[in-house]
Amino acid sequence: MAAASKSAGNDAVRVIFLGPPGAGKGTQAVRLAAYLGVPKISTGEMLRTAIAKDTPLGREAGPLIDKGNLVPDPLLVALIAERTAESDCKSGFVLDGFPRTLPQAAGLEQMPGGDPRGFLVFDFEVPRDELMRRLSGRRWCPKCQATYHIANQPPRRPGICDVCSSMLVQRDDDMEAVVERRLAEYDRRTLPLIEYYGARTRLIRIDGYRSPDVVFQDLLSAVEVSA
Ligand code: AMP
């Protein structure tokens with residue numbers, strides 16, 4: 001399917017993707033951001049880049065991510081405040097993986113343009129056993145961060161990134177024991193955001209247990225309705 005790119009014009013389109021790891025947020029964020037012509041902001045990607053560059057943020061985040069724990073709220077709020085202040089975010093952005101806690105949501109609310117009523121919030125729902133299946137089959141390019149799945153979305157050449165030809169690996173935090181911990185963190189710290197945003201803005205529930213194309217059509221319909 002080839003959706004035409006839609007310019008966000010003067011009305012900024014700010015989108016939040018909520019949902020557990022493996023729910024398809026990353027895949028859909030790439031597509032929706034391209035469609036809207038706005039940047040996709042993935043905190044997981046930003047942290048992994050910081051780890052690869054061995055920055056102070058990366059050194060603090062690395063051990064936490066490896067264990068499946070969340071990185072401290074003040075670091076994430078500062079990261080997003082800085083990123084969303086950049087000029088390419090004037091027309092909006094798609095947030096993938098932020099906020100993940102109530103203090104992060106409160107931090108976002110304090111930022112310019114941070115009023116939750118100005119956000120379109122999607123909550124991706126996928127059964128637990130399907131999340132485990134997706135995460136255990138996920139493969140990742142350490143160089144360009146492209147993501148694949150060995151069955152659902154395989155690269156053209158097995159084990160090789162389509163984009164930059166690097167060797168694909170399994171992320172350490174996609175190993176089963178760490179995934180359990182990430183899901184527990186999601187239940188404890190991220191789930192309350194559904195009520196938080198439900199009370200403040202339009203929260204759109206998305207059945208993520210369908211093909212990426214079908215899910216994307218749902219996102220587009222919701223974006224059109226709110227335009
Ligand atoms: P993701 O790629 O979104 O699954 O994120 C990978 C890991 O990065 C998470 O398991 C957390 O350890 C960390 N992380 C990403 N985003 C956040 C966030 N908003 N708050 C805290 N930790 C985060």
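At 46% relative accessibility, Asp54 counts as partly exposed; the scale used here sets buried at under 20% relative accessible area, exposed at over 50%, and partly exposed in between, with a 1.4 Å probe and protein chains only. Asp54 has a positive phi of about 55° although it is not a glycine, and its place is the loop between α2 and α3 (56–67). Helices (H or I, at least four residues) and strands (E, at least two) are DSSP runs, numbered from the N terminus.

The model is a predicted one, in which local features need pLDDT of at least 70 and side-chain atom pairs count only at pLDDT 80 or more, while totals for chains, interfaces and linings use all residues. Residues are numbered from 1 along each chain as its sequence is written, and side-chain values use heavy atoms, with hydrogens and water left out.

**Backbone features in loops**

Gln145 also has a positive phi, near 70°, and is a residue other than glycine. It lies in the loop between β5 (138–140) and β6 (147–149). Gln145 is buried, with a relative accessible area of 11%. A cis peptide bond leads from Phe98 to Pro99, with omega near -5°. Pro99 is found in the loop between β3 and α5 (102–110).

**The sheet**

Five strands form an open sheet in the order β2-β3-β1-β4-β7, with parallel pairing; two strands pair if DSSP finds at least two bridges between them. The edges are taken by β2 (40–42) and β7 (203–207), each with a single partner strand, so one side of each is left without a neighbour in the sheet. On average, neighbouring strands are turned by 20° against each other, direction ignored.

Strand β1 (residues 13–18) pairs with strand β4 (residues 119–125) in the parallel sense over five bridges. Five bridges also join β4 to β7, and these two strands run parallel. Of the seven residues in β4, six are buried, so the strand is mostly covered.

| Residue | Opposite residue |
|---|---|
| Ile16 | Val121 in β4 |
| Phe124 | Ile206 in β7 |

Helix α1 touches β1, β2, β3 (92–96) and β4, and its direction makes about 170° with that of β1. Helix α9 touches β1, β4 and β7, and its direction makes about 155° with that of β4. Axes are lines fitted to C-alpha atoms, for helices over the stretch in contact, and angles run from 0 to 180 degrees between N-to-C directions.

Ile41 lies in strand β2 and is buried, with a relative accessible area of 1%. Not counting residues up to four places away in sequence, Ile41 touches Met46, Ile80, Arg83, Thr84, Cys89, Phe93, Val94, Leu95 and Asp96; contact means heavy atoms within 4.5 Å. Ile41 and Thr84 are 43 residues apart along the chain, and their C-alpha atoms are separated by 8.6 Å.

**Helix pairs**

Two packed helices are described by the angle between their axes and the distance between the axes.

The axes of helix α1 (residues 25–36) and helix α9 (residues 212–226) come within 10 Å and cross at roughly 45°. The two are therefore oblique to each other; angles under 35 degrees count as roughly parallel, over 145 as roughly antiparallel, 65 to 115 as roughly perpendicular and the rest as oblique. The crossing of α1 and α9 is right-handed, meaning that the near helix is turned clockwise from the far one by less than a right angle. From α1, Gln28, Arg31, Leu32, Tyr35 and Leu36 meet Pro212, Asp213, Val215, Phe216, Leu219, Leu220, Val223 and Glu224 of α9. The residues of this contact divide into nine nonpolar, one polar and three charged. Here Ala, Val, Leu, Ile, Met, Phe, Trp, Tyr, Cys and Pro count as nonpolar, Asp, Glu, Lys and Arg as charged, and the others, Gly among them, as polar.

For helix α2 (residues 43–52) and helix α4 (residues 73–84), the axes come within 11 Å and cross at roughly 100°. α2 and α4 are therefore roughly perpendicular to each other. Thr43, Met46 and Leu47 in α2 meet Leu76, Leu79, Ile80 and Arg83 in α4. This contact comprises five nonpolar residues, one polar and one charged. Met46, Ile80 and Arg83 are also among the residues that Ile41 touches.
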